[in-house]
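Dear colleague,

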Amino acid sequence: VSDVLKEVEVQEPRFISSLSEIDARYEGLEVISPTEFEVVLYLNQMGVFNFVDDGSLPGCAIRSRFQTLVAQAVDKCSYRDVVKMIADTSEVKLRIRERYVVQITPAFKCTGIWPRSAAQWPMPHIPWPGPNRVAEVKAEGFNLLSKECYSLTGKQSSAESDAWVLQFGEAENRLLMGGCRNKCLSVLKTLRDRHLELPGQPLNNYHMKTLLLYECEKHPRETDWDEACLGDRLNGILLQLISCLQCRRCPHYFLPNLDLFQGKPHSALESAAKQTWRLAREILTNPKSLDKL
(Lines give C-alpha, C1' and ligand atoms only; values in the text may rest on other atoms or scores of the structure.)
Protein backbone atom coordinates (compact mmCIF):
# COMPACT_ATOMS: atom_id res chain seq x y z
CA VAL A 1 0.00 0.00 0.00
CA SER A 2 2.83 2.36 0.89
CA ASP A 3 4.46 1.74 -2.53
CA VAL A 4 1.17 2.41 -4.31
CA LEU A 5 0.68 5.68 -2.42
CA LYS A 6 4.23 6.83 -3.16
CA GLU A 7 3.63 6.24 -6.86
CA VAL A 8 0.36 8.22 -6.68
CA GLU A 9 2.23 11.12 -5.05
CA VAL A 10 4.83 11.05 -7.83
CA GLN A 11 2.13 11.14 -10.52
CA GLU A 12 -0.02 13.73 -8.73
CA PRO A 13 1.79 15.96 -6.18
CA ARG A 14 -1.54 17.38 -4.95
CA PHE A 15 -2.11 14.15 -3.02
CA ILE A 16 -0.13 13.73 0.23
CA SER A 17 -0.13 10.34 1.97
CA SER A 18 -0.75 10.16 5.73
CA LEU A 19 0.83 6.70 5.94
CA SER A 20 4.24 6.54 7.61
CA GLU A 21 6.27 3.87 9.39
CA ILE A 22 7.49 4.83 12.87
CA ASP A 23 9.29 2.29 15.09
CA ALA A 24 7.94 -0.63 13.02
CA ARG A 25 4.36 0.69 13.42
CA TYR A 26 2.30 2.35 10.72
CA GLU A 27 0.89 5.76 11.56
CA GLY A 28 -2.08 6.93 9.53
CA LEU A 29 -3.60 3.45 9.15
CA GLU A 30 -7.08 3.24 10.66
CA VAL A 31 -8.06 -0.29 11.71
CA ILE A 32 -11.73 -0.88 10.91
CA SER A 33 -11.63 -4.63 11.66
CA PRO A 34 -8.93 -7.36 11.64
CA THR A 35 -9.16 -7.52 7.82
CA GLU A 36 -10.30 -3.98 6.94
CA PHE A 37 -8.21 -0.82 7.03
CA GLU A 38 -8.45 2.77 5.85
CA VAL A 39 -5.71 5.18 4.81
CA VAL A 40 -6.37 8.88 4.21
CA LEU A 41 -4.60 10.63 1.35
CA TYR A 42 -4.68 14.38 1.88
CA LEU A 43 -5.28 16.78 -0.94
CA ASN A 44 -2.93 19.74 -1.00
CA GLN A 45 -5.16 22.80 -0.60
CA MET A 46 -3.05 24.78 -3.08
CA GLY A 47 -3.91 22.31 -5.81
CA VAL A 48 -7.60 21.97 -5.11
CA PHE A 49 -8.70 24.86 -7.30
CA ASN A 50 -7.67 22.92 -10.39
CA PHE A 51 -10.49 20.48 -9.58
CA VAL A 52 -13.11 23.20 -9.23
CA ASP A 53 -14.77 24.61 -12.33
CA ASP A 54 -18.20 25.82 -11.20
CA GLY A 55 -17.72 26.97 -7.61
CA SER A 56 -18.56 23.54 -6.19
CA LEU A 57 -16.21 20.75 -5.19
CA PRO A 58 -17.52 17.42 -6.50
CA GLY A 59 -16.03 14.61 -4.46
CA CYS A 60 -16.86 12.15 -7.25
CA ALA A 61 -14.57 14.06 -9.65
CA ILE A 62 -11.70 13.87 -7.17
CA ARG A 63 -12.34 10.16 -6.52
CA SER A 64 -12.53 9.44 -10.26
CA ARG A 65 -9.14 11.08 -10.85
CA PHE A 66 -7.75 9.34 -7.77
CA GLN A 67 -9.09 5.94 -8.85
CA THR A 68 -7.29 6.26 -12.19
CA LEU A 69 -4.02 7.15 -10.44
CA VAL A 70 -4.26 4.23 -8.00
CA ALA A 71 -5.07 1.78 -10.82
CA GLN A 72 -1.96 2.94 -12.69
CA ALA A 73 0.15 2.68 -9.53
CA VAL A 74 -1.09 -0.87 -8.84
CA ASP A 75 -0.15 -1.91 -12.40
CA LYS A 76 3.35 -0.51 -11.88
CA CYS A 77 4.06 -1.89 -8.41
CA SER A 78 5.98 -5.11 -7.80
CA TYR A 79 3.07 -6.53 -5.77
CA ARG A 80 0.50 -6.39 -8.59
CA ASP A 81 -0.06 -10.15 -8.42
CA VAL A 82 -1.40 -9.91 -4.86
CA VAL A 83 -3.00 -6.43 -4.97
CA LYS A 84 -6.28 -5.94 -6.86
CA MET A 85 -8.62 -2.97 -7.08
CA ILE A 86 -12.21 -3.71 -6.06
CA ALA A 87 -14.63 -2.81 -8.86
CA ASP A 88 -18.28 -1.66 -8.67
CA THR A 89 -17.60 1.28 -6.35
CA SER A 90 -16.50 4.88 -6.84
CA GLU A 91 -14.41 4.54 -3.68
CA VAL A 92 -10.85 3.27 -3.95
CA LYS A 93 -10.46 -0.11 -2.29
CA LEU A 94 -7.60 -2.56 -2.63
CA ARG A 95 -7.92 -6.29 -1.96
CA ILE A 96 -4.61 -7.72 -0.78
CA ARG A 97 -3.86 -11.46 -0.94
CA GLU A 98 -7.61 -12.09 -1.28
CA ARG A 99 -7.94 -11.47 2.45
CA TYR A 100 -7.39 -7.85 3.43
CA VAL A 101 -9.23 -4.77 2.20
CA VAL A 102 -7.62 -1.33 2.38
CA GLN A 103 -9.76 1.69 1.53
CA ILE A 104 -7.80 4.75 0.40
CA THR A 105 -9.81 7.93 0.92
CA PRO A 106 -8.95 11.39 -0.48
CA ALA A 107 -9.48 14.16 2.06
CA PHE A 108 -8.86 17.76 3.06
CA LYS A 109 -7.16 18.53 6.38
CA CYS A 110 -8.95 21.46 8.04
CA THR A 111 -6.61 22.47 10.86
CA GLY A 112 -7.37 25.33 13.24
CA ILE A 113 -11.08 25.60 12.39
CA TRP A 114 -14.13 23.93 13.88
CA PRO A 115 -17.28 23.02 11.91
CA ARG A 116 -20.56 24.79 12.65
CA SER A 117 -22.35 21.44 12.76
CA ALA A 118 -20.27 20.57 15.87
CA ALA A 119 -20.64 24.01 17.49
CA GLN A 120 -22.68 22.62 20.40
CA TRP A 121 -19.58 20.77 21.70
CA PRO A 122 -18.68 20.87 24.50
CA MET A 123 -21.98 21.05 26.38
CA PRO A 124 -21.72 23.89 28.94
CA HIS A 125 -22.87 21.82 31.94
CA ILE A 126 -20.30 19.02 31.46
CA PRO A 127 -16.92 19.58 33.19
CA TRP A 128 -14.89 17.29 30.91
CA PRO A 129 -12.58 17.88 29.07
CA GLY A 130 -11.93 21.40 30.46
CA PRO A 131 -11.20 24.64 28.58
CA ASN A 132 -7.49 24.01 27.85
CA ARG A 133 -8.10 20.60 26.29
CA VAL A 134 -11.11 21.96 24.38
CA ALA A 135 -8.87 24.63 22.84
CA GLU A 136 -6.31 21.96 21.85
CA VAL A 137 -9.00 19.74 20.32
CA LYS A 138 -10.53 22.57 18.29
CA ALA A 139 -7.06 23.56 17.08
CA GLU A 140 -6.65 20.00 15.73
CA GLY A 141 -9.68 20.70 13.53
CA PHE A 142 -11.18 17.98 11.38
CA ASN A 143 -10.87 16.19 8.05
CA LEU A 144 -13.26 16.32 5.11
CA LEU A 145 -13.36 12.87 3.51
CA SER A 146 -14.68 12.26 0.00
CA LYS A 147 -17.03 9.27 0.27
CA GLU A 148 -20.17 7.84 -1.21
CA CYS A 149 -23.06 8.52 1.15
CA TYR A 150 -24.81 5.17 1.12
CA SER A 151 -27.82 6.37 3.12
CA LEU A 152 -28.68 8.74 0.26
CA THR A 153 -27.68 6.60 -2.70
CA GLY A 154 -30.69 5.72 -4.80
CA LYS A 155 -32.97 8.15 -2.96
CA GLN A 156 -31.67 11.45 -4.25
CA SER A 157 -29.58 12.80 -7.08
CA SER A 158 -26.03 11.58 -7.53
CA ALA A 159 -24.74 15.03 -6.54
CA GLU A 160 -26.53 14.84 -3.20
CA SER A 161 -25.44 11.27 -2.53
CA ASP A 162 -21.83 12.25 -3.15
CA ALA A 163 -20.88 13.47 0.30
CA TRP A 164 -18.00 15.16 2.06
CA VAL A 165 -17.89 13.38 5.40
CA LEU A 166 -16.64 15.12 8.55
CA GLN A 167 -14.03 13.07 10.40
CA PHE A 168 -12.54 14.01 13.79
CA GLY A 169 -9.81 11.37 14.23
CA GLU A 170 -7.04 13.65 15.53
CA ALA A 171 -9.42 15.55 17.82
CA GLU A 172 -10.74 12.29 19.30
CA ASN A 173 -7.24 10.93 19.82
CA ARG A 174 -6.25 14.09 21.70
CA LEU A 175 -9.27 13.71 23.99
CA LEU A 176 -8.26 10.14 24.80
CA MET A 177 -4.76 11.06 25.97
CA GLY A 178 -4.00 10.38 29.63
CA GLY A 179 -4.93 7.72 32.16
CA CYS A 180 -6.03 4.30 30.93
CA ARG A 181 -8.28 5.69 28.17
CA ASN A 182 -6.24 4.30 25.29
CA LYS A 183 -5.79 0.97 27.03
CA CYS A 184 -9.55 0.88 27.54
CA LEU A 185 -10.03 1.46 23.82
CA SER A 186 -7.57 -1.33 22.96
CA VAL A 187 -9.49 -3.77 25.19
CA LEU A 188 -12.83 -2.70 23.66
CA LYS A 189 -11.48 -3.23 20.14
CA THR A 190 -10.19 -6.68 21.09
CA LEU A 191 -13.55 -7.63 22.64
CA ARG A 192 -15.32 -6.45 19.48
CA ASP A 193 -12.96 -8.35 17.18
CA ARG A 194 -13.20 -11.60 19.17
CA HIS A 195 -16.84 -11.61 20.29
CA LEU A 196 -18.89 -9.01 18.38
CA GLU A 197 -17.96 -9.69 14.75
CA LEU A 198 -21.53 -10.63 13.82
CA PRO A 199 -23.62 -11.05 10.64
CA GLY A 200 -24.82 -7.69 9.35
CA GLN A 201 -21.72 -5.96 10.79
CA PRO A 202 -23.67 -4.08 13.52
CA LEU A 203 -20.58 -2.91 15.42
CA ASN A 204 -17.22 -1.50 14.42
CA ASN A 205 -14.32 0.02 16.33
CA TYR A 206 -15.68 3.53 15.89
CA HIS A 207 -18.79 2.67 17.92
CA MET A 208 -16.46 1.61 20.75
CA LYS A 209 -14.41 4.80 20.49
CA THR A 210 -17.59 6.93 20.53
CA LEU A 211 -18.96 5.28 23.68
CA LEU A 212 -15.56 5.65 25.35
CA LEU A 213 -15.76 9.42 24.75
CA TYR A 214 -19.21 9.54 26.35
CA GLU A 215 -17.85 7.55 29.31
CA CYS A 216 -15.13 10.20 29.70
CA GLU A 217 -17.87 12.82 30.13
CA LYS A 218 -19.61 10.70 32.76
CA HIS A 219 -16.34 10.27 34.68
CA PRO A 220 -14.52 13.61 34.30
CA ARG A 221 -11.90 13.21 37.06
CA GLU A 222 -8.48 11.89 36.08
CA THR A 223 -8.55 9.54 39.08
CA ASP A 224 -11.54 7.82 37.41
CA TRP A 225 -9.10 6.70 34.72
CA ASP A 226 -6.43 5.13 36.91
CA GLU A 227 -5.42 1.62 35.87
CA ALA A 228 -7.33 0.20 38.85
CA CYS A 229 -10.59 1.61 37.43
CA LEU A 230 -10.26 -0.06 34.03
CA GLY A 231 -12.78 -2.81 34.81
CA ASP A 232 -15.39 -0.32 36.03
CA ARG A 233 -14.98 1.84 32.92
CA LEU A 234 -15.32 -1.19 30.64
CA ASN A 235 -18.48 -2.28 32.42
CA GLY A 236 -19.97 1.20 32.08
CA ILE A 237 -19.24 1.31 28.35
CA LEU A 238 -20.61 -2.19 27.68
CA LEU A 239 -23.83 -1.38 29.57
CA GLN A 240 -24.18 1.86 27.59
CA LEU A 241 -23.59 -0.12 24.39
CA ILE A 242 -26.41 -2.52 25.31
CA SER A 243 -28.72 0.46 25.88
CA CYS A 244 -27.79 1.98 22.49
CA LEU A 245 -28.31 -1.34 20.71
CA GLN A 246 -31.72 -1.83 22.33
CA CYS A 247 -32.76 1.75 21.42
CA ARG A 248 -31.23 1.25 17.95
CA ARG A 249 -29.46 4.58 18.18
CA CYS A 250 -25.82 5.55 18.78
CA PRO A 251 -25.24 9.33 18.47
CA HIS A 252 -21.93 10.55 17.05
CA TYR A 253 -19.91 12.25 19.80
CA PHE A 254 -19.38 15.59 18.05
CA LEU A 255 -22.44 15.42 15.77
CA PRO A 256 -25.18 14.00 18.01
CA ASN A 257 -27.86 14.27 15.32
CA LEU A 258 -25.91 11.69 13.32
CA ASP A 259 -26.91 8.13 14.24
CA LEU A 260 -24.01 5.69 13.84
CA PHE A 261 -26.49 2.78 13.67
CA GLN A 262 -28.30 4.25 10.68
CA GLY A 263 -28.92 1.57 8.05
CA LYS A 264 -27.95 -1.34 10.34
CA PRO A 265 -30.39 -4.29 10.26
CA HIS A 266 -32.55 -4.41 13.41
CA SER A 267 -31.94 -8.16 13.77
CA ALA A 268 -28.16 -7.56 13.76
CA LEU A 269 -28.49 -4.90 16.49
CA GLU A 270 -30.60 -7.29 18.61
CA SER A 271 -28.04 -10.07 18.23
CA ALA A 272 -25.26 -7.67 19.20
CA ALA A 273 -27.23 -6.53 22.29
CA LYS A 274 -27.59 -10.15 23.48
CA GLN A 275 -23.93 -10.94 22.86
CA THR A 276 -22.78 -7.72 24.55
CA TRP A 277 -24.91 -8.58 27.59
CA ARG A 278 -23.19 -11.99 27.82
CA LEU A 279 -19.82 -10.23 27.73
CA ALA A 280 -20.82 -7.63 30.32
CA ARG A 281 -22.26 -10.28 32.65
CA GLU A 282 -19.05 -12.30 32.40
CA ILE A 283 -16.89 -9.27 33.28
CA LEU A 284 -19.24 -8.15 36.09
CA THR A 285 -19.37 -11.56 37.76
CA ASN A 286 -15.75 -12.53 37.14
CA PRO A 287 -13.26 -9.63 37.14
CA LYS A 288 -10.45 -11.97 36.03
CA SER A 289 -12.41 -12.99 32.95
CA LEU A 290 -10.69 -10.26 30.92
CA ASP A 291 -7.54 -12.36 30.95
CA LYS A 292 -9.23 -15.05 28.86
CA LEU A 293 -11.76 -12.95 26.92
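E222 is partly exposed, with a relative accessible area of 45% (buried means under 20%, exposed over 50% and partly exposed in between, with a 1.4 Å probe and protein chains only). This is a predicted model, in which local features need pLDDT of at least 70 and side-chain atom pairs count only at pLDDT 80 or more, while totals for chains, interfaces and linings use all residues. Residues are numbered from 1 along each chain as its sequence is written, and side-chain values use heavy atoms, with hydrogens and water left out.

E222 forms a salt bridge with R181, with 2.9 Å between the closest N and O atoms (the term requires a side-chain nitrogen of Lys or Arg within 4 Å of a carboxyl oxygen of Asp or Glu). E222 lies in the loop between α7 (205–218) and α8 and R181 in helix α6, so the pair ties together parts 41 residues apart in sequence; R181, at 1% relative accessibility, is buried.

A second salt bridge joins R233 and E215 at 3.6 Å, N to O, linking helix α8 to helix α7 across 18 residues. R233 is buried at 8%, and E215 is buried at 3%. The search of the whole structure finds 12 salt bridges, and R133, E136, E140 and R174 are linked in a network of them.

R233 also belongs to the contact of α6 with α8, where K183, C184, V187 and L188 of α6 meet residues including L234 and I237 of α8 (contact means heavy atoms within 4.5 Å).

Best regards

Methods
Helix = DSSP H or I, 4+ residues; strand = E, 2+ residues; numbered from the N terminus.
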